[in-house]
Amino acid sequence: MNRFQMMIAILVFSCGAAGGEPTTAAQPTLTLAGARQVIAAALEAAQRLDAPGGSIAVVDAGGHLIAMERLDNTFAASADIAAGKARTAALFRKPTRVFEDLVNGGRTTMVTLPDFTPLQGGVPVTEGGLVVGAVGVSGAASAQQDEEIATAAAAGFAAAPRK
Amino acid sequence: MNRLILTLATLAAVLNAAAAELPVKKVLTLEAAKQVAAAAAAEAQRRHARVVIAVVDDGGYPVYLERGNGAQVASSQVAIDKARTAAIYRRPSKVFEEQVSSGRASALALSGAAPLQGGLPLIFADEVVGAIGVSGETPQEDEDIARAGLDALTVATSASPVTYLDHAAVAAAFARGVPLLETTEYKVHASRRTGPGQIEVHEYETDIVYVLEGEADFVTGGRVLDGKVTAPGEIRGTRLEGGSVQSLDPGDVVVVPRGTPHWFREIRQAPFLYFVVKPIAAAGGAS
């Protein structure tokens with residue numbers, strides 16, 4: 001048996017052994033009640049920071065909207081932008097600030113990614129170390145404040161008592 | 001003066017005249033959007049339907065959205081699409097579904113339209129101020145649920161002197177503990193408490209309370225030591241001297257005359273649901 005054949009044999013053997021491994025894994029999902037907790041924490045932060053308005057979107061781990069609220073007098077486009085930030089944070093499992101920094105730092109090609117919103121203000125929502133969704137904020141006083149509210153919302157959810 | 005300058009001058013004159021007479025229209029608030037969605041959600045719950053409810057403004061942009069647990073994820077976008085269609089074309093989205101189904105395939109080319117039943121325009125003072133879109137169940141069910149939301153807005157903004165509040169709208173209000181009706185002469189609240197409140201004094205409003213569910217310790221009278229004015233005629237505080245405690249149980253009625261301090265000191269059994277009617281004395285009528 002040459003070295004290549006031996007490697008194949010080992011590979012086949014280990015694949016066989018993998019047959020006993022679990023084929024599915026439990027993934028916690030954000031419920032509507034959970035999404036509302038995230039929004040409540042965002043609204044609290046918006047009030048504390050004296051935000052002039054804001055759209056807050058909460059998505060699940062697949063980037064699909066669970067809940068969204070646009071405060072009175074917040075510009076219309078912010079609704080879609082908030083959802084886009086949340087979706088990007090959920091699908092990449094990173095705050096969107098990371099991508100804003102990358103793009104501004106010279107990696108302009110990144111904007112060609114499909115369905116991608118590299119604007120700060122999107123933050124993953126986690127439970128037990130797993131990303132269960134994300135929150136996106138747009139339409140506050142500045143991009144900086146959008147992110148501050150989103151970060152507070154995700155932290156508020158993490159700190160909320162669980163049933 | 002050459003022709004171009006003349007044209008510009010005419011244009012400016014026309015614009016100035018128009019600016020003076022721009023029409024004013026009402027906009028949908030987040031609070032109204034939530035009321036509409038809550039009524040639709042109550043109807044969905046009654047039917048055990050799993051749906052997404054979206055409310056958009058008159059330009060078709062989302063104001064509020066909620067996806068009920070277990071509703072298909074694709075419905076989040078579809079609900080927004082249906083609502084946008086109803087908002088920007090100022091008619092139920094069903095109209096386009098019927099056009100396409102009956103052979104007018106060209107309706108598929110309408111810009112920004114989703115020809116799917118389940119989107120209804122929200123109309124206030126004869127103008128479309130937004131729309132509600134529902135997705136997740138059958139087309140007819142989606143529209144029926146959307147209509148329950150629409151009815152809530154019609155009730156809340158009705159010009160008729162008689163107000164009829166459908167049981168679904170009332171149940172939805174109690175589920176969230178929100179006002180049912182507020183006028184300059186009286187307020188009607190579907191109140192809900194899960195914990196103690198602040199000490200309250202209303203200078204103009206008398207509280208007439210009817211307890212529906214739960215148990216609470218209610219303190220009335222005495223003197224507020226740290227009262228702050230939070231709104232015209234509204235005083236709130238956290239420390240009360242004196243006063244008497246009354247246990248409130250379902251079926252009890254309590255009347256707190258205006259100017260009397262009162263305080264839900266403890267909720268012994270939550271949720272504590274109570275129906276409140278608040279006649280407003282003349283001095284506060286305008287506020």
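**Reading a sheet, its helices and its core**

Tutor: Let us begin with one pair of residues: A:Glu69 stands opposite B:Tyr64 in β2(B). Please keep in mind that this is a predicted model.

Student: In which sense do strand β2 of chain A and strand β2 of chain B pair, and over how many bridges?

Tutor: In general, the strands of a sheet pair through backbone hydrogen bonds, either parallel or antiparallel. Here, residues 65–70 of chain A and residues 62–67 of chain B, the two β2 strands, pair in the antiparallel sense over three bridges. Within β2(B), B:Glu66 is the bridge partner of A:Ala67.

Student: What is the order of the strands in the open sheet?

Tutor: Eight strands form it, in the order β3(A)-β4(A)-β1(A)-β2(A)-β2(B)-β1(B)-β4(B)-β3(B), and the pairing is antiparallel. At the edges stand β3 (122–127) of chain A and β3 (119–124) of chain B; each has a single partner strand, so one side of each is left without a neighbour in the sheet. From one strand to the next, the twist averages 20°.

Student: Which strands does helix α2 of chain B touch?

Tutor: Helix α2 (residues 30–46) of chain B packs on the sheet and touches β2 of chain A as well as β1 (52–57), β2, β3 and β4 (127–135) of chain B. Its direction makes about 30° with that of β2(B). Helix α3 (residues 75–88) of chain B lies across β2 of chain A and β1, β2, β3 and β4 of chain B, running at about 155° to β4(B).

Student: How many residues does each chain bring to the contact?

Tutor: Chain A and chain B each contribute 15 residues. On the side of chain A that touches chain B, β2(A) gives the most, with six residues. The residues of that side divide into eight nonpolar, three polar and four charged.

Student: How should I read the elements of chain A, and in what order do they run?

Tutor: One counts the elements and then follows them along the chain. Chain A has five helices and four strands, which run α-α-β-β-α-α-β-β-α from the N terminus on. Of its 163 residues, 45% are buried.

Student: Is A:Thr88 buried or exposed?

Tutor: A:Thr88, which lies in helix α3 (residues 78–92) of chain A, is buried because 27 other C-beta atoms lie within 10 Å. Leaving aside neighbours within four places in sequence, A:Thr88 is in contact with residues including A:Phe99, A:Phe116 and A:Pro118. The C-alpha atoms of A:Thr88 and A:Gly63 are separated by 7.3 Å, although these residues are 25 apart along the chain.

Student: Where do the buried residues of α4(B) fall when seen down its axis?

Tutor: An α-helix has 3.6 residues a turn, so residues three or four places apart point the same way. In helix α4 (residues 94–101) of chain B, the buried residues are B:Lys94, B:Phe96 and B:Glu97. They fall within an arc of 160° and so line one face of the helix. After α4(B) comes B:Gly103, whose phi is positive, near 115°.

Student: Which residues touch the most other members of the largest nonpolar core?

Tutor: In soluble globular proteins, nonpolar side chains tend to be buried together. The largest nonpolar core here has 92 residues, and A:Ala42, A:Val135, B:Ala40 and B:Ile132 touch the most other members. Its largest share, 10 residues, comes from α2(B). A second, separate core of 12 residues includes B:Val201 and B:Phe272.

Technical notes:
Residues are numbered from 1 along each chain as its sequence is written. Chains are lettered from A and ligands numbered from 1 in the order in which they are written. This is a predicted model: local features need pLDDT of at least 70, side-chain atom pairs count only at pLDDT 80 or more; totals for chains, interfaces and linings use all residues. A residue is buried if 20 or more other C-beta atoms lie within 10 Å of its own, exposed if 12 or fewer, and partly exposed in between; C-beta atoms are placed from the backbone. Two residues are in contact if their C-beta atoms, placed from the backbone, lie within 7 Å. The arc is that of the directions from the helix axis to the C-beta atoms. Two strands pair if DSSP finds at least two bridges between them. Axes are lines fitted to C-alpha atoms, for helices over the stretch in contact, and angles run from 0 to 180 degrees between N-to-C directions. A nonpolar core is a set of buried Ala, Val, Leu, Ile, Met, Phe, Trp, Tyr and Cys residues joined through C-beta atoms within 7 Å. Ala, Val, Leu, Ile, Met, Phe, Trp, Tyr, Cys and Pro count as nonpolar, Asp, Glu, Lys and Arg as charged, and the others, Gly among them, as polar.
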